[in-house]
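Colleague: I want to learn to read a model like this one feature by feature. Can we go through it together?

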Amino acid sequence: MYKEKRYDIIFWDVDGTLLDFLRSERYALTDCLTHFGLPVSDEIVDTYSRINEACWKKLERGEVNRPWVLRHRFEELFDYLHIRDVDVAAFQERYQQKLGSVFYFQDNGKELLIKLKADFKQYVVTNGVESTQRMKIEGSGMGTLLEDFFISEDIGFDKPDSRFFEACLERIAEKEGTMPDLNRILIVGDSMTSDMEGGRRMGIDCCHYRKGSHFFINRGKEGPTYTIGNLWEVEKILWQDHPIKN
C-alpha cells in the first residue's frame, strides 16, 4: 500500500478550531471588566459568551453588520448587569487588544500545522476582527506555517458568503498562477453556519471539528463531509491508501 493525497489545500478556521477561543475570550473579558471596575464572575463571562455567539450568528445569516456586532454584544451585557456609565467604544478597543494578545492551541494544533506544511498548502479563513486576528496569527507563530490568511474584514465579505471564498480563491490564483481545484480543497472548522455552510455553497468538502466527538465520514448525506473530535484526525482524511500494483 502507498498513500496518495486526497487534497492539496486546507482552509483552517481559527477561533474554536485551531485556537481555543473561549479561553481567550474569558481572559480578555475578565481583564476588561476588572480594568473598568465592573463585577466579574463565571456567570457574567458565560452570559457574555452566549450573547457574543448569538451576535456573530446574526452576522453570518446576514441579519446585521459588523459594527453592530462589535458594539451591541457589550451593550446587551451592560444592560444585563444594569450598568449605564461605561464607555462602550473604549471597552471594545481594550477587549480586542487583549483578545489578540493570548492564544491557546487546541489538540497541539501548532505541531499539526508544522507536520502538514511539507505536503499541503494551508490557509486561514476567519471572520474575526482583522487587527485581533493578525495579532493571533503572527503572535502564535502560525504566520510562518501558512501560505496566507484571509480575514473577512479585509476581504469585505463574511463566511459563509460565497463571495468571501471566491475572493480567497482569486488571491490564491494570483499567487499561484492558476485557479485551485475545488475538489482538492478541504475546509476544517467548528461552525456549521459559517464554515460548513460556506463550504457547501462553494461545493468544497467540509470537515466539522466538534471537540470530543467520534470520527465520522458522512457518505451521501446532507451535512459536513467529515466530522472529527481531535484536530489530528484530519490526517485520516487528507490521505488515501492505494494498493501497490506489481
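Modeller: Start with contacts beyond the sequence neighbours. Leaving aside residues within four places in sequence, Glu233 is in contact with Phe215 and Ile228. Keep in mind that this is a predicted model.

Colleague: Where is Glu233 placed in the fold?

Modeller: Glu233 sits in the loop between strand 8 (226-228) and helix 10 (235-238).

Colleague: Is Glu233 buried or exposed?

Modeller: Compare the relative accessible area with the cut-off: under 20% means buried. Glu233 has 17% relative accessibility, so Glu233 counts as buried.

Colleague: Next, Lys159. Which loop holds Lys159?

Modeller: Lys159 lies in the loop between helix 7 (152-155) and helix 8 (162-176). Lys159 is buried, with a relative accessible area of 1%.

Colleague: Which polar partners does the side chain of Lys159 have?

Modeller: Look for N or O pairs within 3.5 Å. The side chains of Lys159 and Asp13 are joined by a polar contact of 3.0 Å. A polar atom of the Lys159 side chain also lies 2.9 Å from the backbone oxygen of Val125.

Colleague: What else is Lys159 in contact with?

Modeller: Skip the neighbours within four places in sequence. Then the contacts of Lys159 include Glu60, Thr126, Asn127, Phe164, Phe165, Ser194 and Asp195. Asp13 and Val125 are among its contacts too.

Colleague: What kind of peptide bond joins Lys159 and Pro160?

Modeller: Read omega. The bond between Lys159 and Pro160 is cis, with omega about 10 degrees. Pro160 is also in the loop between helix 7 and helix 8.

Colleague: Phi is the other backbone angle I check. Which residues should I look at here?

Modeller: His82 is one case, with phi of about 60 degrees. His82 is in the loop between helix 3 and helix 4. At 68% relative accessibility, His82 counts as exposed. Asn108 is another case, with a positive phi near 55 degrees. Asn108 is placed in the loop between helix 4 and helix 5 (109-116). Asn108 is exposed, with a relative accessible area of 54%.

Colleague: Let's take helix 4 itself. How does its span compare with the expected value?

Modeller: Take the C-alpha distance from end to end. Helix 4 (residues 88-101) has 14 residues and reaches 20 Å from its first C-alpha to its last. That is close to the 20 Å expected at 1.5 Å a residue.

Colleague: What is found at the start of helix 4?

Modeller: A side-chain oxygen of Asp87 is there, within 3.1 Å of the backbone nitrogen of Ala89.

Colleague: Which residues of helix 4 are buried, and what covers them?

Modeller: Buried in helix 4 are Val88, Phe91, Gln92, Tyr95, Gln96, Lys98, Leu99 and Gly100. Their cover includes helix 1 (21-35), helix 2 (42-60), helix 3 (66-80) and helix 6 (130-139).

Colleague: Now pockets. What is the volume of the largest pocket?

Modeller: About 690 Å³. Its lining has 30 residues, and Asp15, Gly16, Phe21, Glu53 and Asp190 lie nearest its centre. The elements that give two or more residues to this lining are helix 1, helix 2, helix 4, helix 6 and helix 9 (192-202). Helix 2 provides the largest share, 6 residues.

Colleague: How many disulfides does the structure hold?

Modeller: Check sulfur to sulfur. The structure holds 0 disulfides. Cys32 is in none, and the nearest cysteine sulfur, that of Cys55, is 16 Å away. Cys32 is buried, with a relative accessible area of 0%.

Colleague: One last residue. Where does Ile204 lie, and what does it touch?

Modeller: Ile204 lies in the loop between helix 9 and strand 6 (205-209). Ile204 is buried, with a relative accessible area of 4%. Not counting residues up to four places away in sequence, Ile204 touches Leu182, Ile185, Leu186, Ile187 and Gly199. Also set sequence separation against distance: Ile204 and Thr225 are 21 residues apart in sequence and 9.2 Å apart in space, C-alpha to C-alpha.

Technical notes:
Residues numbered from 1 in each chain as written. Predicted model: local features only at pLDDT ≥ 70, side-chain atom pairs only at ≥ 80, totals over all residues. Heavy atoms only, no water. Helix = DSSP H or I, 4+ residues; strand = E, 2+ residues; numbered from the N terminus. Buried < 20%, exposed > 50% of the residue type's maximum accessible area, 1.4 Å probe, protein only. Polar contact = N/O pair within 3.5 Å; in protein donor to acceptor, adjacent residues only side chain to side chain. Contact = heavy atoms within 4.5 Å. Disulfide = S-S within 2.5 Å. Expected span 1.5 Å × (residues − 1). 1 Å grid on protein atoms, 1.4 Å probe; cavity = no way out; pocket = protein on both sides within 12 Å on 5 of 7 lines; lining within 4 Å. Points joined across faces, edges and corners; volume = space filled by probe spheres on them.
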